[in-house]
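Here are my notes for your first look at this one. Have the viewer open as you go through the points.

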Amino acid sequence: MFLRQTVAPASEPISLSEAKAHLRVDISDDDTLITALITAARQFAETECTRALITQQWQLVLDAFPGPSLLGAPYGVPYSIPGHAILLDRPPVQSVESIQYQDMSGAWQTMQSTDYVAELQSAPARITPGFGKIWPITLPQIGAVKVNFTAGYGNAAAVPQGIRAWMLIRIATLYENREEVATMNRGKLEPLPYVDRLLDAYRVPML
C-alpha cells in the first residue's frame with residue numbers, strides 16, 4: 001500500500017496575520033520564516049492525527065483489491081471493518097473521485113461508481129463493493145489498483161479549534177527555539193503536558 005498526495009492544500013489553517021498576532025510580532029522581517037513554520041506545524045499536525053486539514057487530493061495505490069472475510073468490529077472501533085474494505089487513512093474524506101485498476105490484459109479500467117459503496121463519515125473512511133457486487137479481477141502485479149479521493153475539513157474556518165490552537169503553540173515554539181538543542185543558563189526546560197493532548201480527540205485510531 002502506498003499513499004501519496006496529488007494536490008496540496010491551497011491555503012493553511014492559520015494565516016500569517018493570525019500567527020504574527022499570536023507571536024506578538026509587528027515587523028515583516030520574519031514573514032517568510034513564519035509562513036514556513038505555519039506549513040511545518042500543519043504537516044506535523046496532519047502526521048500526528050493521520051488527518052487532512054485543508055482540502056487536498058490523495059491517491060491510494062494497492063497491489064490488489066482486499067479479499068473477503070467475515071464482518072467484524074475491532075475493539076474500540078464503533079463500526080465494522082470488513083476484510084474486503086478499502087480504508088482511506090486521511091479523513092475527513094469529502095469524496096472518492098475514481099477507483100482504477102489494471103485488468104488481466106494490462107489495460108487501466110475505471111470502476112462504475114454504482115459498483116461500490118463509500119462510507120465517508122468514519123475515520124478511516126471505508127469503501128466496499130455494493131450489494132451483490134465483487135471487486136474486479138486485477139492483473140497480479142504491484143500497483144494494480146489506484147483510488148483517487150479528496151480529503152480535508154474544507155477551508156481554515158472548518159478546521160477544529162483544538163488543532164488550530166495546537167498549531168499556534170507549535171509555531172511559537174519553533175519560532176522561539178530555532179536550534180535543535182536549547183542551552184539553559186539556569187532552570188530546566190520542561191514541556192507543557194497539556195499541549196499535545198489538544199490533538200487527542202482528532203487522532204485516527206490505529207487498526
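1. A contact here means heavy atoms within 4.5 Å. With that in hand: among contacts in the chain between residues at least 6 apart in sequence, 76% join residues at least 24 apart.

2. Before going on, a word on what you're looking at. This is a predicted model, where local features need pLDDT of at least 70, side-chain atom pairs count only at pLDDT 80 or more, and totals for chains, interfaces and linings use all residues. Residues are numbered from 1 along each chain as its sequence is written, and side-chain values use heavy atoms, with hydrogens and water left out.

3. What does the chain contain? There are 3 helices and 8 strands, and from the N terminus on the elements run β-α-α-β-β-β-β-β-β-β-α. Helices (H or I, at least four residues) and strands (E, at least two) are DSSP runs, numbered from the N terminus.

4. Take the sheet of 5 strands next: it is open, its order is β1-β2-β8-β4-β5, and the pairing is antiparallel. Two strands count as paired if DSSP finds at least two bridges between them. At the edges you'll find β1 (2–7) and β5 (108–110), each pairing on one side only. From one strand to the next, the twist averages 25°; axes are lines fitted to C-alpha atoms, and angles run from 0 to 180 degrees between N-to-C directions.

5. Inside that sheet, have a look at β4 (residues 93–102) and β8 (residues 145–151), which run antiparallel and are joined by 7 bridges. S98 stands opposite N148 in β8.

6. The other sheet to check is open too, with 3 strands in the order β3-β7-β6 and antiparallel pairing. Since β3 (86–88) and β6 (116–119) have a single partner strand each, one side of each is left without a neighbour in the sheet. Neighbouring strands here are turned by 20° against each other on average, direction ignored. β3 is joined to β7 (residues 125–129) by 3 bridges, and L87 has R126 in β7 as its bridge partner.

7. Is A19 buried or exposed? A19, found in helix α1 (residues 16–23), is buried, with a relative accessible area of 1%. Buried means under 20% relative accessible area, exposed over 50%, and partly exposed in between (1.4 Å probe, protein chains only). Not counting residues up to four places away in sequence, A19 touches I14, I34, I38 and L168. A19 and L168 are 149 residues apart in sequence, yet 6.5 Å apart in space, C-alpha to C-alpha.

8. Finally, the whole chain: of its 207 residues, 41% count as buried.
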